[in-house]
Amino acid sequence: MIEVAVTVNGVRHERRVEPRLLLSDFLRHELSLYGTHVGCEHGVCGACTVLLDGRPARSCLALVAQADGGEIRTVESLSNEAALHPLQQAFHEHFGLQCGFCTPGILISALFLLEQNPDPTETEIRAELAGHLCRCTGYAPIVDSILAAAATLRG
Amino acid sequence: MKPAPFEYFRPTSVEEAVALLAEHEDAKPLAGGQSLVPMLNFRLARPAALVDLGGIDELAGIRVDDGALVVGAMTRQWDLEHSPEALPLLREALAHVGHTATRCRGTVGGSLVHADPTAELPVCALALGAELVTSRRRIPAEEFFLSVFTTALDPDELLVEIRFPTPVGPTAFLEHSHRHGDFAVVCVARSGERIAVGGVGPTPVLWDGGAIDPVGDLFAPAGYKRDVARALLEQAAAA
């Protein structure tokens with residue numbers, strides 16, 4: 001067993017864990033943060049994407065040991081009780097989700113994309129979405145949602 | 001819990017890491033984990049110990065030295081892609097390596113050492129005539145890739161940095177994959193007169209100007225790969 005300390009959505013957590021524990025399973029099983037969805041468990045589907053030290057990471061492809069001392073943001077951090085994040089609001093308004101399984105990972109990737117590039121083209125958004133599998137929407141409403149959120153965030 | 005159990009070490013220097021690798025039979029270095037962790041999750045790899053290189057600060061960084069771009073083995077692919085120092089050829093190639101989330105974690109050295117025959121960075125290293133500096137020697141790219149997932153590194157030898165010489169003449173990177181971010185069917189890198197091809201055999205190869213005789217796979221039979229390789233090589237030669 002090893003000691004790890006991570007900050008998740010602004011709260012510090014210390015745990016004794018097996019070295020083989022994945023970050024995705026740590027978030028869900030140890031911290032009960034079920035917003036991070038686990039799909040393929042080998043880095044292909046993108047559902048488990050979180051921000052690790054400010055950058056997107058597949059939480060199924062990181063040992064929690066590798067994140068020791070790090071800062072993690074999950075989808076739970078996007079909105080407060082009062083209002084949805086502009087990205088979430090745009091997904092709601094533009095039908096950017098149906099079953100919602102892929103949505104947390106896509107929101108996290110979109111958040112990073114808009115931080116890096118506040119005015120992305122449709123092509124740039126589609127290139128980013130290549131790292132996320134959605135089997136419901138056909139992607140068009142997701143692209144619309146991200147374009148709309150980008151416009152809102154630019155003000 | 002997906003991976004089989006292993007002992008875990010997080011050294012803070014190259015010397016310490018090399019000593020741990022020598023001491024523990026069947027220990028594997030862990031770089032960004034974007035290829036190794038999927039193999040652990042599938043239990044295709046069951047190392048007795050992992051030596052996590054993430055705590056070795058001296059292994060990451062980008063600098064220009066004596067006309068060469070020198071990239072630390074643990075430099076994240078995303079950092080090289082967005083570095084003003086990066087060669088245009090490397091930047092173009094990196095855009096094809098997985099996705100943003102995997103490039104933010106995946107390392108330049110990890111990709112080279114993993115030696116996937118379809119991977120972009122080994123093809124660039126070969127085209128550029130890069131030199132791979134290890135914990136004990138310098139290995140030219142031509143002698144580094146031995147077979148599928150197999151390099152000239154000894155089990156207790158670490159890749160420390162990669163020296164990419166500045167290209168003389170035109171450069172180009174071309175790739176065909178089934179979907180953006182997938183493994184390449186064929187990819188081609190050109191630096192001046194050197195053109196390297198990936199995806200056609202167990203290692204990337206330097207093109208001698210002749211016919212390519214690829215090894216087919218489940219999703220791309222040999223004849224299809226031959227046609228794709230020919231088309232990409234023509235485009236690279238005309239660049």
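The crossing of helices H2(A) and H5(A) is right-handed, where a crossing counts as left-handed if the near helix is turned anticlockwise from the far one by less than a right angle, and as right-handed if clockwise. The two elements are helix H2 (residues 86-93) and helix H5 (residues 140-154) of chain A; helices (H or I, at least four residues) and strands (E, at least two) are DSSP runs, numbered from the N terminus. This is a predicted model, in which local features need pLDDT of at least 70, side-chain atom pairs count only at pLDDT 80 or more, and totals for chains, interfaces and linings use all residues. Residues are numbered from 1 along each chain as its sequence is written, while chains are lettered from A and ligands numbered from 1 in the order in which they are written.

H2(A) and H5(A) pack at an angle of about 135 degrees, with their axes 8 Å apart. Axes here are lines fitted to C-alpha atoms, for helices over the stretch in contact, and angles run from 0 to 180 degrees between N-to-C directions. The pair is therefore oblique (under 35 degrees is roughly parallel, over 145 roughly antiparallel, 65 to 115 roughly perpendicular, and the rest oblique). On the H2(A) side, Pro86(A), Leu87(A), Ala90(A), Phe91(A) and Glu93(A) meet Ser145(A), Ala148(A), Ala149(A), Thr152(A) and Leu153(A) of H5(A); contact requires C-beta atoms, placed from the backbone, within 7 Å. This contact has seven nonpolar, two polar and one charged residues (Ala, Val, Leu, Ile, Met, Phe, Trp, Tyr, Cys and Pro are nonpolar, Asp, Glu, Lys and Arg charged, and the others, Gly among them, polar).

H5(A) also packs with helix H3 (residues 103-116) of chain A, at about 40 degrees and with the axes 11 Å apart. That angle makes H3(A) oblique to H5(A), and the crossing is right-handed. H3(A) contributes Ile106(A), Ala110(A) and Leu114(A), and H5(A) contributes Ile142(A), Ile146(A), Ala149(A), Ala150(A) and Leu153(A). By class, the H3(A)–H5(A) contact has eight nonpolar, no polar and no charged residues.

Turning to domains, chain A is divided into domain 1 (2-77) and domain 2 (86-154), with bounds from an automatic or database domain assignment. Their centres, taken over C-alpha atoms, are 22 Å apart. Domain 1 of chain A gives 14 residues to the contact and domain 2 of chain A eleven.

Between chains, 23 residues of chain B are in contact with 26 residues of chain A. H5(B) supplies the largest share of the chain B side, five residues.

Conventions
Two residues are in contact if their C-beta atoms, placed from the backbone, lie within 7 Å.
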